[in-house]
There are 2 protein chains.
Amino acid sequence: MATTENSPVIENLHHSSSSLWSNCRPDIQRRINALLNYQVEYFRLRVEFHRQLQDLQYAYNPEFERIIERQRSIIDGSCEPKELEKLINQSSIAQINNQQTANVQRKGLENFWLKVLKNIDSYDYPIQRRDELCLKYLSDIRCTLNPPDVETSSFTLEFHFLPTNPFFIETILTKQYRIRFESNNINPYRSYDGPEVDCCYGSIITWKPDHNLTIRKRTKRIRNKITGQVRFECIEEPVKSFFEFFSSPTIPTNGIHEMTNEDQIRLEADIEFGLLLKQRVLPRAVLYYTGEALRVFNDEEEDDDDESTSSDSSR
Amino acid sequence: MATTENSPVIENLHHSSSSLWSNCRPDIQRRINALLNYQVEYFRLRVEFHRQLQDLQYAYNPEFERIIERQRSIIDGSCEPKELEKLINQSSIAQINNQQTANVQRKGLENFWLKVLKNIDSYDYPIQRRDELCLKYLSDIRCTLNPPDVETSSFTLEFHFLPTNPFFIETILTKQYRIRFESNNINPYRSYDGPEVDCCYGSIITWKPDHNLTIRKRTKRIRNKITGQVRFECIEEPVKSFFEFFSSPTIPTNGIHEMTNEDQIRLEADIEFGLLLKQRVLPRAVLYYTGEALRVFNDEEEDDDDESTSSDSSR
């Protein structure tokens, strides 16, 4: 007990929040100092708890993955639901006319992921008409958890494209998110609210010539002021595209506070969208496909977080 | 695999969301049905995961409790921080004048919990001036976790009052919250977002005569219309009070939908305030006491939830 109460943190705390209670009687100050030090101990225990939670999540991952793998095989058509197969074989069934039987043999669910993304209706990354041409080739979105260690953990969103995609060379575009366990060590009694995503890296897209969806080519008419002659110049200008999502702003070595305001907002949006995909959309992709999730989501806008609604009973 | 795909759930799903994709080709419908059934399996696994999470939280509870117990002893003055004791013994220290030494001997932190509650600045349960007279006797707020079972889990908020409290007889007022693991079984593919608090019960307060803070006595002047005679009648009317928190609306046996709109809103507010106390305030009580938590809380209003920000990596 004495260790915590008398730890050097006391001094830090005293200085950093002195304005709040510097006018207190010294005995009150000491008592608050002691409480603040126990608060730090509490937050440290929270970090430990969250590490264990991460391990639990990682342990459950293969089971969740098994279900998602089954769904994947139905989406891409590598597997047909058993009942459907039975139906196809009973070719005598009157309701299934030739037209329908022909249809049945088309595999999987076309444009599944394009529809899912469109149904997210994201403010930050809306799907543009031009994007749709490319997102038709999006065959899967996966989230892989990388094994957690003591300090950090990370996950990667993988966007799988068909090799026939004419827009870029890569068949997988990735975006990796780093999760930090620890709270800010400079201010140890700052409220600890669990691990946080603190940065992300998008993979580089090698666009095929004249297929870059994030820029638009425009021919500009330029008149020479002296001779009056007109010439045409081809200029490239950036346009809104879903694929901007892959060009995350990089964080300077000096930290996030060195970033421009605009980049900070971008980073925040990138993290928010990544977490939305990982936690909300991918585990309920079919509900986004049918549009059902969106309806449910709007109904309960306020409790879309998993643990916070109630289950975090560890005080 | 076949078990899930062909489970009777298929029929339910088909009916309940038929409007969404009833015009699909039958093969597409079958595939979506299969996906929806896997979705249900996914949510079932989530329930299981959340049960394990609850166990983990319950296992960590004694360790968190140990820290909170230490803090408690400093707040109520049953224990003095070691460094402070040292300081008191060094009576030669010039800075500590007689006045201060006298002060030092006052135990603990007066009105600690009253200040904490006032600093929450709750919209639903603001502390009224009259409440403060009683909340001065509030010596502790505790949260006890009741052991989770397969179906539910619960926690109880305990408000401990000094026996000298002149307002009511009880020394502990409680509010119990029930947490339900399962999602709605009637609609199994409805998005599952983890366990939810679904009801709460407040304990009855036995107010001492003329000390009920939730009602106000008023003398009403009544003139007889015929005789013109005036008489005075003492009437009681309800007034806003923090103690309304303990009189939660009861849920009818037929379910929440049978409640009046007003009661539903009250129940929601009660659940929200209870979760705020349990998850946010009690684990950081000293930061609320100093006012620090409020500042931090406002800074990061958007990510006040524990697991949802990032750590829920189990897809």
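Biologist: Helix α9 of chain B, residues 261–281: what span should its 21 residues have, and how far apart are its end C-alpha atoms?
Modeller: At 1.5 Å a residue the 21 residues should span 30 Å, and the end C-alpha atoms are 28 Å apart, which agrees. The expected span is 1.5 Å times one less than the number of residues. Helices here are DSSP runs of H or I with at least four residues, strands are runs of E with at least two, and both are numbered from the N terminus.

Biologist: What kind of model is this, and how are things numbered?
Modeller: It's a predicted model: local features need pLDDT of at least 70, side-chain atom pairs count only at pLDDT 80 or more, and totals for chains, interfaces and linings use all residues. Residues are numbered from 1 along each chain as its sequence is written, chains are lettered from A and ligands numbered from 1 in the order in which they are written, and side-chain values use heavy atoms, with hydrogens and water left out.

Biologist: Back to α9(B). Which of its residues are buried?
Modeller: The list includes Leu267(B), Ile271(B), Phe273(B), Leu277(B) and Val281(B), and also Asp270(B), Lys278(B) and Arg280(B). Buried means under 20% relative accessible area, exposed is over 50%, and partly exposed is in between, with a 1.4 Å probe and protein chains only.

Biologist: And which strands does α9(B) lie across?
Modeller: α9(B) lies across β1, β2, β3 and β4 of chain B and runs at about 95° to β4(B). Axes are lines fitted to C-alpha atoms, for helices over the stretch in contact, and angles go from 0 to 180 degrees between N-to-C directions. Contact itself means heavy atoms within 4.5 Å.

Biologist: What's the strand order in that sheet?
Modeller: It's an open sheet of four strands, β1-β2-β3-β4 of chain B, with antiparallel pairing. β1 and β4 (196–202) of chain B are the edge strands, each pairing on one side only. From one strand to the next the twist averages 20°. Two strands pair if DSSP finds at least two bridges between them.

Biologist: How many bridges join β1 and β2 of chain B?
Modeller: Eight, between residues 138–146 and residues 152–161 of chain B. Thr144(B) sits opposite Thr156(B), and Asn146(B) faces Ser154(B). The hairpin from β1(B) to β2(B) goes through five residues.

Biologist: Where does α4 of chain B go?
Modeller: Helix α4 (residues 26–75) of chain B lies across β1, β2 and β3 (172–180) of chain B, at about 160° to β1(B).

Biologist: Let's switch to chain A. How many helices and strands does it have?
Modeller: Eleven helices and six strands. Of its 315 residues, 48% count as buried. Its accessible surface comes to about 16000 Å², and 49% of that belongs to carbon and sulfur atoms. Those areas come from the Shrake-Rupley method with a 1.4 Å probe; for residues, only the protein chains shown count as cover.

Biologist: What about β5 and β6 of chain A?
Modeller: Nine bridges join β5 (residues 215–223) to β6 (residues 230–238) of chain A, and the two run antiparallel. Arg216(A) is opposite Glu237(A). Their hairpin has six residues between the strands, and Gly228(A) there takes a positive phi near 80°.

Biologist: Is Leu45(A) buried or exposed?
Modeller: Leu45(A) is at 6% relative accessibility, so it counts as buried. It's found in helix α4 of chain A.

Biologist: Which residues does Leu45(A) touch?
Modeller: Tyr60(B), Glu63(B), Phe64(B) and Ile67(B), leaving out residues up to four places away in sequence.

Biologist: Last one: which residues have the most contacts inside the largest nonpolar core?
Modeller: Phe159(A), Phe243(A), Phe159(B) and Phe243(B), in a core of 136 residues. A nonpolar core is a set of buried Ala, Val, Leu, Ile, Met, Phe, Trp, Tyr and Cys residues joined through side-chain atoms within 4.5 Å. Beyond its neighbours within four places in sequence, Phe159(B) contacts residues including Leu138(B), Ile141(B), Phe242(B), Phe246(B) and Leu277(B). Leu277(B) is also one of the buried residues of α9(B).
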